[in-house]
Number of protein chains: 2
Amino acid sequence: MASRLKVAVAGANGETGQSIMDALLANSEQFEVFALARPASVNKPVLSAFSARGAIVKSVDFSATDALVVALTGMHVVISCLTMLHHKEQMALIEASSQAKVQRYVPSFFGPACPPRGVMKVREAKEDMLDRIKLLYLPYTVIDVGWWCQLSLPPLPSGRIQTKVEYALNEIMGDGEAPFAIVDKRDIGKYVARIIADPRTLNRMVFAYGEVWTQNHILDTLEEKSDERVVRQSLSKDDMENIISDAYKILATNPTDLEALSQVALTQYKYSIGIRGDNTPEHAKVNDFYKRDVGRGG
Amino acid sequence: MASRLKVAVAGANGETGQSIMDALLANSEQFEVFALARPASVNKPVLSAFSARGAIVKSVDFSATDALVVALTGMHVVISCLTMLHHKEQMALIEASSQAKVQRYVPSFFGPACPPRGVMKVREAKEDMLDRIKLLYLPYTVIDVGWWCQLSLPPLPSGRIQTKVEYALNEIMGDGEAPFAIVDKRDIGKYVARIIADPRTLNRMVFAYGEVWTQNHILDTLEEKSDERVVRQSLSKDDMENIISDAYKILATNPTDLEALSQVALTQYKYSIGIRGDNTPEHAKVNDFYKRDVGRGG
C-alpha cells in the first residue's frame, strides 16, 4: 500500500466532490483518500458515509495557514471542489499546498471549455487562481468537463424524468444548433481518477467529456423516445444580453447581490455554450487544452 | 514554390524583427517573406535591404482594419515584433489576422520565461493579448526566448567589447547565483523559422534558448578570458523594490511617463531573472510551455 497516491479533496460534499470521492474510494488500491472539511461540516452525513467507505475526514480551518500546511503535508494531490463563493478558502488552499510541496494541485475548474477572459466572469475568477498557481510554480492540472447531461434535459409533461428545473434546458439557446460537449456527472470522478494518476497531464489543461450534442438533437431525441412533447421556449442572443446587462445594473449598486451574480453566471454559461459555441472539444484543444486521452469512464 | 509558407512580419526593422527576417530570407525555398510597415517607414534603409534580398514590403495602416484584412489575406503566418509601445497596432493586427483567417499568429512575446501575472507589467500586457487571441480562436504560437547574451556582458575597462551600457549587467542582481537561460540575439530568427514550420507548436507556448548561466559565472569567465577586472556593482532585492516603488509613485501622477515605465520594465526583468529565478527551462516547462525541441540554430 506504500505506493498509493494520497489525495485530499476540499468540497467533497458538493456535486463534483461527491463524484470524485466515489471514484477515488472505488480505487482504494490506488488512492488513499482524505476529505478536508471545515469543523462545522465534519459531521455531515455525506462525509460520514465517505468515512465508512475508507476516507479519512480531516477537520481544517482554511484561515489558519500553518495548520493547513501541516494538514496537507505528505499529500500527493490536492483537489479543490470548492465553489467560487469560497474564493478566500481556495486561495488559502493554493498557498498552503505550495508551502506543503504538494505534487499536483487541481483547482476548482470542472466547468465547460471556455476562453480564459472576455466570456464568463466565473471563468475569469478561475483563471486568476491559475495565474496565482503559476506564480508559485505549484504543479497543477486544470480539468474542464462538458456540460452535465443531468442539466441538459427539460422536464417531461408526464413527470417521468426528474431534472433540476432551475437549470433545465427547455429554453432553446439561440437556434439550438450549437454543438456542445456533455458529460455524465457520475463520470466526472472516473475521469479525474485517471487524470491525476497520469504524468502526461501535469501542468496541463485537460478536457473531459462524453459526447457532443446540439440542443435540438437532444430535445428531438427525447420527444421521439418518450412520445411526449417538450415545451420549448426561446432564449435569443438579445434576451441573454439583456438579462446580463440588467443583472450588471443591480451589481453596480450591490456587488454582492447573490441573485444577480447567479443570473450573470448562468446566462453567461448559456451564451458561451449556445451562442458562441465555446464548449466543444475542438475549441478546448485550440485553447491549449490537452486532447482528451481518457476513455469514457465505465 | 507553391508550397512556400507566406509569412508577414510586423516590426521587421526592430532587433528581434531583423533577426527573424534574416532567418526567413535565408530560407527562401521555404518561406515567402513580407514585411508590414507603416507608410512613414516603408523607405527605411533596413527595409530596402530586406527588399533587395527578396522580401515584399507592404505598406499598411494599422488603424484601417478593412485594408489590413486585405493585406493579411492569404498569409499563413503573421509574426508581430512590435513593441509594447504599439499596443493599439498589435490589437489591430490580432483582429485583422483573425478576420483574414491567418493560420498561425505569433504575438510579440520574445521575452524571458515568466509567470503570466504578478511579476512583470510588460508580461501582463502580453498575456492580455494572448487572452484576446484565445477569445477569437486565432491559432497561435507564443515564443519566449532566453535573455539576450548581447545584454549579459558588462563593458570591459579596455573597451575591447562593446555592449549596450544601458542594459549592461555589471550590476550583480542579488547574489549573482540565479541561473538563467540566455540566447544569442542572432539565433532568435533561426529558432522562429523552425518553430513556425512545426505543427507541434501550434497553440502552444515555446521556449527557445541557447544555454543556462549564472551572472557570477559569466563575469568570472569574462575576467578569466580577458585578463581584465570588471567593475561589479551590487543591485539587491531591496534596491530593486525601491526603484520599482519610486517609479510607480511617478506613474501614479503621470501614467505615461516613459522613463518611469522603462524603469519599472527593466527592473522587473532583473527582479524576475535575478531574484525570483523565473527565466529557466525548468520554470518555462512548469508554466505550460513546450519543452524546447529545436536545436541551437547554427
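## A buried threonine in chain B

In this predicted model, B:Thr141 is buried, with a relative accessible area of 0%, where buried stands for under 20% relative accessible area, exposed for over 50% and partly exposed for what lies in between, using a 1.4 Å probe and protein chains only. B:Thr141 is placed in strand E6 of chain B, residues 141-145; strands (E, at least two residues) and helices (H or I, at least four) are DSSP runs numbered from the N terminus.

The side chain of B:Thr141 forms a polar contact of 2.7 Å with the side chain of B:Arg104, and it also reaches the backbone oxygen of B:Thr201 at 2.9 Å. A polar contact is a pair of N or O atoms within 3.5 Å, of which, within protein, one must be able to donate a hydrogen and the other to accept it, while residues adjacent in sequence count only if both atoms are side-chain atoms. Leaving aside residues up to four places away in sequence, the residues that B:Thr141 touches (contact being heavy atoms within 4.5 Å) include B:Tyr105, B:Val106, B:Pro107, B:Ile195 and B:Leu202.

## Salt bridges

Over all chains, a search of the whole structure finds 41 salt bridges, each defined as a side-chain nitrogen of Lys or Arg within 4 Å of a carboxyl oxygen of Asp or Glu. In one of them, A:Glu32 and A:Lys6 meet at 3.2 Å, N to O; because A:Glu32 lies in strand E2 (residues 31-37) and A:Lys6 in strand E1 (residues 5-10) of chain A, this pair ties together parts that are 26 residues apart in sequence. A:Lys6 counts as partly exposed, at 28% relative accessibility.

## The Arg53 and Asp22 pairs

In chain A, the side chains of A:Arg53 and A:Asp22 form a salt bridge of 2.8 Å, N to O. A:Arg53 lies in the loop between helix H2 (45-52) and strand E3 (56-59) and A:Asp22 in helix H1 (residues 15-25), so the pair ties together parts that are 31 residues apart in sequence. A:Arg53 is partly exposed at 43%, as is A:Asp22 at 35%.

In chain B, B:Arg53 and B:Asp22 meet in a salt bridge of 2.8 Å, N to O, with B:Arg53 partly exposed at 44% and B:Asp22 partly exposed at 35%. Salt bridges that share partners also join A:Arg117, A:Asp128, A:Asp131, B:Arg117, B:Asp128 and B:Asp131 into one network.

## Conventions

Residues are numbered from 1 along each chain as its sequence is written, and chains are lettered from A and ligands numbered from 1 in the order in which they are written. Local features need pLDDT of at least 70 and side-chain atom pairs count only at pLDDT 80 or more, whereas totals for chains, interfaces and linings use all residues, and side-chain values use heavy atoms, with hydrogens and water left out.
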